[in-house]
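Hi,

Here is the structure I said I'd pass on.

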Amino acid sequence: MSEDVQGWLTPRAVAAEAGVSQEFDLSQCVREPIHLLGGVQSYGALIAARWDDAVVDTVSRNAAEVLGRAAEELLGRPVTELIGGEQWALARESAEAVTDSVAAAPQEGPASSGVLPLTLDGEDGEGQRGSRLFDVTVHRNGDLLVLEFEPRAEGGPFVFQNFYPRVRRALQKLQGATDVTECCAAAVREIRTLTGYDRVVAYRFDGRDGPGQVIAEDRSEGREPWLDLWFPASDIPPQARRLYARNWIRVIGDVDDRTAGLVPELRADTGEPLDLSASVLRTVSGYHLEYLRNIGVASSMSVSLLHEGELWGLIACHGDEPRRLSPEVRAACEFFGIALSLQLAAVAGREEADELAGNRRALATLLARLASGAPDDLMRPGSGLVELLDADGAVLLRGTETLTAGAPLPDALSGLLARLARDGAVGEVWSSDRLPEALGLEPDEAEAEGIPAGLLLLPFNRDGDLLAWWRREQPAPREWAADPSRPVRTGPGGERLTPRGSAAVYRATVRGRSAPWSPAQRVVAGELWREVSGLLTRQVVALEARNTELARTNEDLDSFAHAAAHDLKEPLRGISNAAAFIVEDAGTVLDATSLRRLTTVRRLAERMDGLLDSLLHFSRLGQVGMEREALSVDEVLDDALVVAGGRLAEQGVTLVRPAALPRLRADRERLREVLENLLVNAAKYAADEGAGERRVWVEAVRTAVPGQAREEGGGAGADGGTVTALVVRDNGIGIPAGQQADVLQLFRRLHRRDERGGGSGVGLAVVKRIVERHGGRLWLESPAAAPDADCGGGPGTAVWFTLEEPPEARP
């Protein structure tokens, strides 16, 4: 212990520390059942009598000293022998009133007790006879009525009219406060005036189980300041916090008080000491008494501050000397604690309402910018989505799309978001301002993995669609009254609870946290979720309607194309035949110009007949069912070479098959047609003579589908992962990048009809349609192709397409 810390401990505190055991186990303090300690503070006495017959069940051992009757004399006898039947009835009536009020409004939180004056006749602990006045606090404990007797303090009877003006003035000052800190500052001043304690502080918890900070203080001259200091969470263990939430007020008259035990020590029905959770005289944990001694405190009082039923903080009072408070003063402090809790709730509610109003105005502006009604517009720069929650970035996951706004999406967040969305409730806000802690990571680990400190997300459904915001870490410097990592430190008497105070300030930075998400931000996030959900729902309905209409239109177009192609062929054949007959019958009498024109008619008719055949074939692709099966692509390629092999040979093109092709699920005839078309195209657009050996490669490659292909629709590879794609690649003239989309259209050619082997310009359109009917994707690559007059960019073109893999073939 440093010399400056040693200097502010009283001799009694040092002696108390030296007089206890040399080992200190903080876990025992955390596990201690402080509501079952089996004793009361000795300045008062306790009697627990059965509700139905008034028989004494439990009594404190100091009954003779306080009440003038030994505990053994009272135990098992009617309590009316001590207090009389009329006063027993009053005690029951008081307890019933309290019980009824709590039952009518259980949400009000802490249990309450009634106080009434009782008179006892007989001898006191010093042998003096006469009537003695007691303030008796009563409360119901299961089948027992608990009475706690405190001798009436000297100074005459309590006069409400004399006491009320002080409380009223205090409440008026409290109501004039405008923020939380000002409220608490007013409260500690007035409570110190009411009670006379030497130090009164307002202590706010950082979360339900977190440490606490002194946010307001009023102290006597000479005491060191605690304002703004943080105190470790272990100072107030969980079971103590639960009791503080159940009792508005807790008073310790003397830290050196000798506890009065209970008789019997254990109840027959429970095998445990009497539950003193609601007791005003309940004895105090030895750990807590030691803590108070170590900081030089002789008496104390704590007033609970609650918000929505949760323990928000405490008003902590410390005295340099033992101090008893009358029930009236305690009641005033309890009343003050209730009023302060309500005022803090009102201030917080006002601040939240102001913040929420501002956020809603920002939300209205944001929603007004959704000109197209599409949720994707939220992610446009300048939309205000990130600023709405004062975040660093935002992300919208919808299907296979990942749209971000603000800062780039941290790599480690993608998978984490999906997991949190699956675990979260649809439409409910999930948030954390200490995400690394929630994931069991140290701040350095989270930083290394790229995990932000704050996250707020809203799942749209169970499929992983969500909207989320994130915040970076904001390290917060704090001044602690002791090292939070070492709440126990070696002192003169061994390991003891560390003295707290400004003389032992420990400066540390809290990491792994972001700015907290406010209630108003959570509310406005939920409202945005409802708006976006509505947009998504309307978008899905509209899309389904469009898809239905599109399917019907496609069916009509397919039917029309089939009928048109079929029905037009008959008159076309008639035109061609008529022209042929005229040439045959009148060829000798017609001049050369007429014969040339008739020949042109026949050639055009034949060309149109070929185009109609192609159109008829293309339309049938949309009508004929697909017969998918698991098949060997190598076998289908062999079938395709029966037709395409001759064309390859004519152009001197060599087929290269680097490795065995996989098994895929496909329609055999349609896949053969795809390969035939691609091989014939490779033969048509082979490199010009003198450019080297002409080749075409057919192989399978694990690859990612390019983003451009994903944007054309869903399907294989749309998740951005790798898929097995077939590629037919040649070293021919290539296709300029700006014309690659054109060659996939029906009847589109990049050369004149009489160049590069002719053709109708249907082949690649047929290939694309077959691939898409398989649920796959097709795309072209011709990296070095550059536009020129004859479209011969080179070197070569690669046509990629995906098909469905059978389950047994997937890696």
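Let me start with S279, which sits in the loop between β11 (260-263) and α10 (286-294); helices (H or I, at least four residues) and strands (E, at least two) are DSSP runs, numbered from the N terminus. Before going on, note that this is a predicted model, where local features need pLDDT of at least 70, side-chain atom pairs count only at pLDDT 80 or more, and totals for chains, interfaces and linings use all residues. Residues are numbered from 1 along each chain as its sequence is written, and side-chain values use heavy atoms, with hydrogens and water left out.

Back to S279: its relative accessible area is 5%, so it is buried (under 20% relative accessible area; exposed is over 50%, partly exposed in between, with a 1.4 Å probe and protein chains only). A polar atom of the S279 side chain lies 3.1 Å from the backbone nitrogen of L281, and one lies 3.0 Å from the backbone nitrogen of R282. Setting aside neighbours within four places in sequence, S279 is in contact (heavy atoms within 4.5 Å) with L46, H139, E148 and R250.

Next, the cysteines. The structure holds zero disulfides (pairs of cysteine sulfur atoms within 2.5 Å).

Helix α13 (residues 413-423) has L413, L416, L417, L420 and A421 as its buried residues. Down the axis of α13 these fall within an arc of 135°, so they line one face of the helix (the arc is that of the directions from the helix axis to the C-beta atoms). Their cover includes β14 (393-398), β16 (430-432), α14 (435-438), β17 (454-459) and β18 (466-471).

Last, the largest pocket has a volume of about 1,700 Å³. Of the 42 residues lining it, F205, D206, G207, W312 and P516 are the closest to its centre. A pocket here is an open set of points on a 1 Å grid over the protein atoms alone, where a 1.4 Å probe fits, with protein on both sides within 12 Å along at least five of seven lines; lining residues have an atom within 4 Å of a point. The volume is the space filled by probe spheres set on the points, which are joined across faces, edges and corners. α11 gives the most to this lining, with seven residues.

Cheers

Key:
A polar contact is a pair of N or O atoms within 3.5 Å; within protein, one must be able to donate a hydrogen and the other to accept it, and residues adjacent in sequence count only if both atoms are side-chain atoms.
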